[in-house]
Amino acid sequence: EVQLVESGGGLVQAGGSLRLSCAASGFTFDDYAIGWFRQAPGKEREGVSCISSSRGTTYYADSVKGRFTISSDNAKNTVYLQMNSLKPEDTAVYYCAAERAGCFSLFGSWGQGTQVTVSS
């Protein structure tokens, strides 16, 4: 059974940083792309970043390019999202998801989410 557990969310002031973690289990970790998504109140879920199954390619939404960095520790079956220069508009529940078919497929397995709140 695929399990994804996010952690690292919290309350931070604008300009601050957080590092989210996505701990994976129940599947062959490096066979799957891992994506980060977020959903703010009243808004649709949006893709934030993704790392390919080979871990050699990363993708970012325009809104976070230059501020967020996705990385992977395959020995720990964990993907990280380092978030710097946070803005109030980054406030959302952040989810990680796994998909064997790649970053641009429909993600089939999701974590429970972690809240990120950025105060102005």
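Is Phe37 buried or exposed, and what is its relative accessible area? Phe37 is buried, at a relative accessible area of 14%, where buried means under 20%, exposed over 50% and partly exposed in between (1.4 Å probe, protein chains only). Welcome to this predicted model, in which local features need pLDDT of at least 70, side-chain atom pairs count only at pLDDT 80 or more, and totals for chains, interfaces and linings use all residues. Residues are numbered from 1 along each chain as its sequence is written, and side-chain values use heavy atoms, with hydrogens and water left out.

**Aromatic rings**

- A pair of aromatic rings is described by the distance of the centres and the angle of the planes.
- Seven aromatic pairs are found in the structure; rings of Phe, Tyr and Trp (its six-membered ring) pair if their centres lie within 6.5 Å, and planes under 30 degrees apart count as stacked, over 60 as edge-to-face and the rest as tilted.
- One of these pairs is Phe27 with Tyr32, which is edge-to-face because the ring centres are 4.6 Å apart and the planes stand at 65°.
- Phe27 and Tyr32 are both buried.
- Phe37 and Trp110 make a tilted pair, with 4.7 Å from centre to centre and 55° between the planes.
- That pair links distant parts of the chain, since Phe37 is in strand β4 (residues 33–39) and Trp110 is in strand β10 (residues 109–110), 73 residues apart; strands (E, at least two residues) and helices (H or I, at least four) are DSSP runs, numbered from the N terminus.
- Trp110 is partly exposed, with a relative accessible area of 29%.
- One aromatic cluster is formed by Phe37, Tyr95, Phe107 and Trp110.

**Charges over rings**

- The charged end of Arg45 sits over the ring of Trp110, 4.0 Å from the ring's centre; the rule asks for NZ of Lys or CZ of Arg within 6 Å of the ring centre and within 35 degrees of the ring normal.
- Arg55 has its charged end over the ring of Phe29, 4.4 Å from the centre.

**Disulfides**

- The count comes to two disulfides, each being a pair of cysteine sulfur atoms within 2.5 Å.
- Cys22 and Cys96 form a disulfide with sulfur atoms 2.1 Å apart, and the torsion about the S-S bond is about 70°, so this disulfide is right-handed.
- Cys22 lies in strand β3 (residues 18–25) and Cys96 in strand β9 (residues 92–99), so the pair ties together parts that are 74 residues apart in sequence.
- Cys22 is buried at 1% relative accessibility, and Cys96 is buried at 0%.
- Cys50 and Cys103 form a disulfide with sulfur atoms 1.9 Å apart, and the torsion is about -85°, so this disulfide is left-handed.
- Cys50 lies in strand β5 (residues 46–51) and Cys103 in the loop between β9 and β10, so the pair ties together parts that are 53 residues apart in sequence.

**Nonpolar cores**

- The largest nonpolar core has 28 residues, of which Phe27, Ile34, Trp36, Phe68, Leu81, Met83 and Tyr94 touch the most other members; a core is a set of buried Ala, Val, Leu, Ile, Met, Phe, Trp, Tyr and Cys residues joined through side-chain atoms within 4.5 Å.
- Elements giving two or more residues to this core include β3, β4, β7 (68–73), β8 (78–83) and β11 (114–119).
- Apart from this core lies another, of six residues, among them Ala33, Phe37, Cys50 and Ala97.
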